[in-house]
Amino acid sequence: MTSRPELQAPPEIFYNDEEARKYTSSSRIIEIQAKLSERAVELLALPNDDVPRILLDIGCGSGLSGETLTENGHQWIGLDISQSMLDVALEREVEGDLVLGDMGQGLGLRPGVIDGAISISAVQWLCNADKSSHEPRIRLKAFFGSLYRCLGRGARAVLQVYPENLAQRELILGFAMRAGFSGGIVVDFPHSTKRRKEYLVLTCGPPSLSSAAPRGKGEEGESCSDEDSSGDEDNQSVCISDRHRPRKKQRLNKKMKGREWVLKKKEQMRRKGNAVPADTKYTARKRKARF
Amino acid sequence: MRLLTHNMLSSNIKGVTNGFPLLIEVEKVVEKQVDFNEDFLRNMFAKIEWKALVEASRTMGYTELPENSESSMLNSDEFLRKFHHALLELHLEEGALVCPETGRKFPVNKGIPNMLLHEDEV
């Protein structure tokens, strides 16, 4: 079974009632989501004047990312395709407005009104065709086109994505550029397999100094080793030490199988009524190497 | 759904040239207290389609907003309070949004408008 949810089922079906609840009650996911959205807001680079903005949260789910926006004092509109996720968001009494919609159909918003958009782990869903009528290229085009239109000039969109491979990354970025966005991909912790996170930082309008993509965190090899990574993210992917652990355990067990272990086993066999050689001083003694 | 969101949403159906503003069919309106923030209102004022907001707030049963507005009115505290109430505190809980061009209804349940399009509308 693949671990990528978008390969298992369409989003509105994958995030059913059960999955939505599971997703929102996992403290690990909540913490990761909060961190991702915190970083996304940082990359949005809104002017630092304490004026609340109207932001868009694309694929808002149960409102975990929206809560970060609220904490930063902003108003937001959340869009998601899963009714179950939105129901959980209602239960959690999020502050933003929720809209049930499909980003691949284009965002039905008036031009130039939104001050910024974030999206946490949602855009890669567009790369999958879940219905016969779905064509990823057309859906990506509709999404980025409508996103470009509804953002104000100079506004930014920060989309955190998990592209499956290089081709998918290029596909997503290509359509963003074709829609008129400038910017690029910011990779946080590129040397780490566990902490590596990719953000598409897009700015409305032609390339300029202010639209240049900011630097990712940990690019300068400050975290080449994963040792400084905090424990909460350890379970996100299989790490190398995990892979070796079983073998180590085995070796340890072999050593434990000494004379005592053999005697115990023989006793067990005797109790079962099997014919077992008597215990002598040779029992479980190691053979010489030349034998 | 607040009128702030209503003022941003437009009908996204294929072939519709002017899908704004969506008409409101009201079944239930609720009011929720929201913190008053002057800066936000000033920032939003330029982006709001005033006519659509006035129309929408009337359908929701709030008639205090003036027919026309200009930026000088932002200095009046009374005006800001009314603007704030209409924009952020009136929620359409149950009802529908109607596309002005095609008449297609987008149902609103528990405050969430369902803007999903059918396959032939994309």
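Q: Which residues of helix α3 (residues 50-59) of chain B are buried?
A: In the predicted model, α3(B) has L53(B), A56(B) and S57(B) as buried residues. Buried here requires 20 or more other C-beta atoms within 10 Å of a residue's own, against 12 or fewer for exposed and in between for partly exposed, with C-beta atoms placed from the backbone. Helices are DSSP runs of H or I of at least four residues and strands runs of E of at least two, numbered from the N terminus.

Q: What covers the buried residues of α3(B)?
A: The cover includes α1, β1 (23-31), α4 (77-89) and β2 (90-98) of chain B. After α3(B) comes G61(B), with a positive phi near 90°.

Q: How are the residues and chains labelled, and what confidence is required of this model?
A: Residues are numbered from 1 along each chain as its sequence is written, while chains are lettered from A and ligands numbered from 1 in the order in which they are written. Since this is a predicted model, local features need pLDDT of at least 70 and side-chain atom pairs count only at pLDDT 80 or more, whereas totals for chains, interfaces and linings use all residues.

Q: How do you know that β1(B) and β2(B) pair?
A: Pairing calls for at least two bridges found by DSSP between two strands. β1(B) and β2(B) share eight bridges in the antiparallel sense, and E25(B) stands opposite A96(B) in β2(B). β2(B) is also joined, by four antiparallel bridges, to β3 (residues 105-109) of chain B; there A96(B) faces P107(B) in β3(B). Six residues lie between the strands of the hairpin of β2(B) and β3(B), where G103(B) has a positive phi near 80°.

Q: How many residues does each chain give to the contact?
A: Chain B gives 26 residues and chain A gives 21 residues, where contact means C-beta atoms, placed from the backbone, within 7 Å. On the side of chain B that touches chain A, α2(B) gives the most, with four residues.

Q: Where in chain A does pLDDT stay under 50?
A: pLDDT, the predictor's confidence in each residue from 0 to 100, stays under 50 over residues 222-242 of chain A, for which the model has 21 contacts beyond four places in sequence. Where pLDDT is low, the predicted coordinates should not be read in detail. The mean pLDDT of chain A is 83, and 83% of its residues reach 70 or more.

Methods. Contact = placed C-beta atoms within 7 Å.
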